[in-house]
Amino acid sequence: MLYAILAYHVEDEILSWTAEQDAAVVAKVIEVQAPLRASGHLGLAARLDETRKAHTLRGPGAGMVLDGPFAETKEQLLGFHLVDYDTDEEAIAAARKLREVNPSAVYEIRPVKLYVPADGFGATKG
């Protein structure tokens, strides 16, 4: 089953990091990703740009484009990993490994109901 591991963080905290601090966290995350990728469990992973650059499309018909993500939370969605595991527990264990190197982040682990792969990684079952 495919899972999205969604990484939430207080964006202002991330933006306050120096380039060196940011690079150190990214390097640690890449170290955690390497064995996940090598084992065939890690697919797409992405760091999202600043939320101030986001747009939201909502409303009836063609919808209305609004600036910003309009999240009513303290943390913002800043990135995600797509992983392929047989059980929730395995996906949670992968998220725990990611959290070890970025402990102030909050990770949401959510099964993926539909995925249309561009590179053949993992296809949703059923």
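The points below take up the pocket and then the salt bridges.

The model is predicted. Its largest pocket has a volume of about 540 Å³, and a search of the whole structure finds 4 salt bridges.

**The largest pocket**

- The lining of the largest pocket is made up of 29 residues, and those that lie nearest its centre are V26, R47, L78, G79 and N102.
- At least two lining residues are supplied by each of β1 (2–9), α1 (11–16), α2 (19–38), β2 (42–47) and β5 (76–84), with the largest share, 7 residues, coming from α2.
- Sorted by class, the lining of the largest pocket holds 18 nonpolar residues, together with 6 polar and 5 charged ones.

- R47, one of the residues nearest the centre of the largest pocket, meets D22 through its side chain in a salt bridge, with an N to O distance of 2.6 Å.
- Because D22 lies in helix α2 and R47 in strand β2, this pair ties together parts that are 25 residues apart in sequence.

**Salt bridges between partly exposed residues**

- K53 and D49 form a salt bridge through their side chains at 3.4 Å, N to O; K53 is partly exposed at a relative accessible area of 43%, and D49 is likewise partly exposed at 48%.
- In the salt bridge of R110 with E108, the closest N and O atoms are 2.4 Å apart; R110 counts as partly exposed at 45% relative accessibility, as does E108 at 25%.

Key
Residues are numbered from 1 along each chain as its sequence is written. This is a predicted model: local features need pLDDT of at least 70, side-chain atom pairs count only at pLDDT 80 or more; totals for chains, interfaces and linings use all residues. Side-chain values use heavy atoms; hydrogens and water are left out. On a 1 Å grid over the protein atoms alone, a cavity is a set of points where a 1.4 Å probe fits but cannot get out, and a pocket is an open set with protein on both sides within 12 Å along at least five of seven lines; lining residues have an atom within 4 Å of a point. Grid points are joined across faces, edges and corners, and a volume is the space filled by probe spheres set on the points. Helices (H or I, at least four residues) and strands (E, at least two) are DSSP runs, numbered from the N terminus. Ala, Val, Leu, Ile, Met, Phe, Trp, Tyr, Cys and Pro count as nonpolar, Asp, Glu, Lys and Arg as charged, and the others, Gly among them, as polar. Buried means under 20% relative accessible area, exposed over 50%, partly exposed in between (1.4 Å probe, protein chains only).
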